[in-house]
Amino acid sequence: MSVASVPNENTRLARFLSVLRDVMARPSGAVGLTLVMAHLLLAIISPLIVPYDYKAMNSAMMLTGPEAAHWLGTDHLGRDVFTRVLLGGREALLVTGIATPIAVTWGGFVGIFFGLVGGRIDEVMMRVVDAFLSLPWILKMLVLIVTFGTGIEVLIPTLAFFYGIPVIRIARAATHDVVARDFVSAARARGHRRITIIRRELLPNVLDTLMVEGAMRWSWMLLAFSSLSFLGFGVSPPTPDWGLMIADARGFMSFAPWGVLGPVIALSSLIIGINLTADALAKALGIDRAQKAPV
Amino acid sequence: MLRMFLRRLFLGAVTVAIVSIIIFSGVEMLPGDACTAFLEREAKGKLLENCREAQGLNRPAVERYIDWAAGAVQGNLGVSANGQKSISELVGARLGNSLLLAACSLALGVPLAIFLGVVTGLWRDKPIDLTLSTMAIFAMTIPEFVSATVLILLFSVWLGWLPGIVLTPAHAPAAEFFPEILLPVLVLTMVMTAHILRMVRSSVIEVMAGDYVQMATLKGVPYWRIVFRHALPNALLPAINVVALTIAWLLGGVVVIEVVFNYPGLGRMMIDSISDRDLPVVQAIALIVATVYVGVNLSADLLTMIANPRLRTLHMRRK
């Protein structure tokens, strides 16, 4: 009934395509995936197509409104807002794009491991996870960032570490559903090592949950990253970033609202796109996310 | 039942103890200590010595941890890094302001969310459900500082109805925060309504598909009687846990909102003390927020147990 052995390349590809088709067949999936793909594409090609240099200041053209030469106007330093909106997601996508797979991988493995081992050590581990989750994310991250600096080399491991912790819980719960089943007992009786059981019996069954979890983590990480930038602890100027741009343009909102609207729409559409995709993916894979509370 | 209660209580206490160890050892592991962090470049010679003396940093870590934890249990959170103010006093006013913000948002958001959740659940896939559910996804996923900025633009800049920033000082009495508090309350209400609505909606749908609801329908019980007498008491039970998570979030996680609106709550104090590297204050706030989180979730679990006769008898039978 369930996939107890590792499927070969062909069935894997076929399953991927069928899930993809299912996701695209749902309105939320079609809209979401299109948004995400458009954002990824833009992030890759935007340096080639932007009309201006994102650093180029122009003191004669500060906070001018939208016009033919500057579609979204200029900011308080006379830089072209459209250019900066196009480039503003690259840093965020790069950092979260690297950090999300790391977080899901390490959190997933630790969760599956403790789900399989069980017993007292598992109980203790869960208390530690609870303890970590009870601290506000921004406090945990800011303490590290203030101490070690705001570069990518600090942000990626910090995000990957803290966003892997809730994954432990999810992976453990999903493992618990599987671990009592016959094929795991059979593998144990055959005398397989733990690592083999994890790789061949548990991982294939937990993978769906981890995929959906990964999509959700990605959107939360983007949220965290842009919030950090907004607060001045993320990307450092003059690198364009949506969170930072919104923070900068907020002061001039009363007479130059275009500076805010561009990055607001860009950031919102990306995060909504990811969430819609995750939603459709969860439904396509048959995992109910509705019951889960936000962490 | 009582044993279950005590077990939960014990586990909660263990979690708080682990949190305190994580906080303390986390700060220990960072390079530097409260004094080098606070004094920065002047951290050398006599000045550093005096500061360490005042903070008691010359003693072994375990001893300091025990002192700190014992003090915290008694409500004494130590003094800030400059050694002048009692942290309990500093944090007290801010905690009060955060509570005010949380209370206003809860009073507005919870009834609204439950009402809309029931409506969307009962009229599943009808236009009203599709509209509200889509709006909920938007409210939930858009970053708080984005929705806050848009609402300021709309209500404060363009319409001029509400002040877009809080200028009241931290120690002012609660009444003086009106009407400045309304816009932050609105943003928080939006986000939490979305979360609770989705939860209540799925719970209502699940319960309405249950056997006993079908049975009541076949028996000829009027629809609204089914909804109010049979379905809702069961459907609203899981809402307790979401509301608990929301309360914990309101008291610890609304840093960004507080910064956007310049609201003098616990969250902004957290950011300020991290930027100032005032580690004793950071430790204290972390401990408070974590304790609130554990406490609120614990209360929700216990409340669910009391409110749900099924869980009650289940545990009694097991005993």
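Student: What share of the residues in chain A is buried, and what makes a residue count as buried?
Tutor: In this predicted model, buried residues make up 45% of the 295 residues in chain A.

Student: How do you know what secondary structure chain A contains?
Tutor: The assignment for chain A comes to 11 helices and zero strands, and read along the sequence the pattern is α-α-α-α-α-α-α-α-α-α-α. The C-alpha trace of this chain spans about 80 × 45 × 30 Å along its principal axes. Of its contacts with a separation of 6 or more, 73% join residues 24 or more positions apart.

Student: What is said to touch Ile246(A), and what makes that a contact?
Tutor: Not counting residues up to four places away in sequence, Ile246(A) touches Phe230(A), Val260(A), Pro263(A) and Val264(A), together with Phe145(B), Val146(B) and Thr149(B) from the other chain. These pairs are called contacts because their C-beta atoms lie within 7 Å. Ile246(A) is also one of the residues that touch the most other members of the largest nonpolar core, which has 166 residues, and Leu159(A), Ile196(B) and Ile285(B) are named alongside it.

Student: Why is the length of helix H4 of chain B said to agree with expectation?
Tutor: Helix H4 (residues 61-73) of chain B has 13 residues, which at 1.5 Å a residue should span 18 Å, and its end C-alpha atoms are 18 Å apart, so the two values agree. Gly75(B), which follows H4(B), has a positive phi, near 85°.

Student: How does helix H7 of chain A compare with its expected span, and where does it bend?
Tutor: Helix H7 (residues 152-179) of chain A has 28 residues and reaches 38 Å from its first C-alpha to its last, close to the 40 Å expected. H7(A) bends by about 30° at Ile165(A), with the proline Pro166(A) following within four residues.

Student: How many residues of each chain are in contact with the other, and what classes does the chain B side hold?
Tutor: 40 residues of chain B are in contact with 36 residues of chain A. The side of chain B that touches chain A has 29 nonpolar, nine polar and two charged residues.

Student: What confidence scores accompany chain B and the model?
Tutor: Chain B averages a pLDDT of 81, with 91% of the residues scoring at least 70. Over residues 315-319 of chain B, however, the pLDDT is below 50. The model scores ipTM 0.79 and pTM 0.83.

Conventions: Residues are numbered from 1 along each chain as its sequence is written. Chains are lettered from A and ligands numbered from 1 in the order in which they are written. This is a predicted model: local features need pLDDT of at least 70, side-chain atom pairs count only at pLDDT 80 or more; totals for chains, interfaces and linings use all residues. A nonpolar core is a set of buried Ala, Val, Leu, Ile, Met, Phe, Trp, Tyr and Cys residues joined through C-beta atoms within 7 Å. A residue is buried if 20 or more other C-beta atoms lie within 10 Å of its own, exposed if 12 or fewer, and partly exposed in between; C-beta atoms are placed from the backbone. Two residues are in contact if their C-beta atoms, placed from the backbone, lie within 7 Å. Helices (H or I, at least four residues) and strands (E, at least two) are DSSP runs, numbered from the N terminus. The expected span of a helix is 1.5 Å times one less than its number of residues. Ala, Val, Leu, Ile, Met, Phe, Trp, Tyr, Cys and Pro count as nonpolar, Asp, Glu, Lys and Arg as charged, and the others, Gly among them, as polar. The bend at a residue is the angle between axes fitted to the seven residues ending there and the seven starting there. pLDDT is the predictor's confidence in each residue, from 0 to 100.
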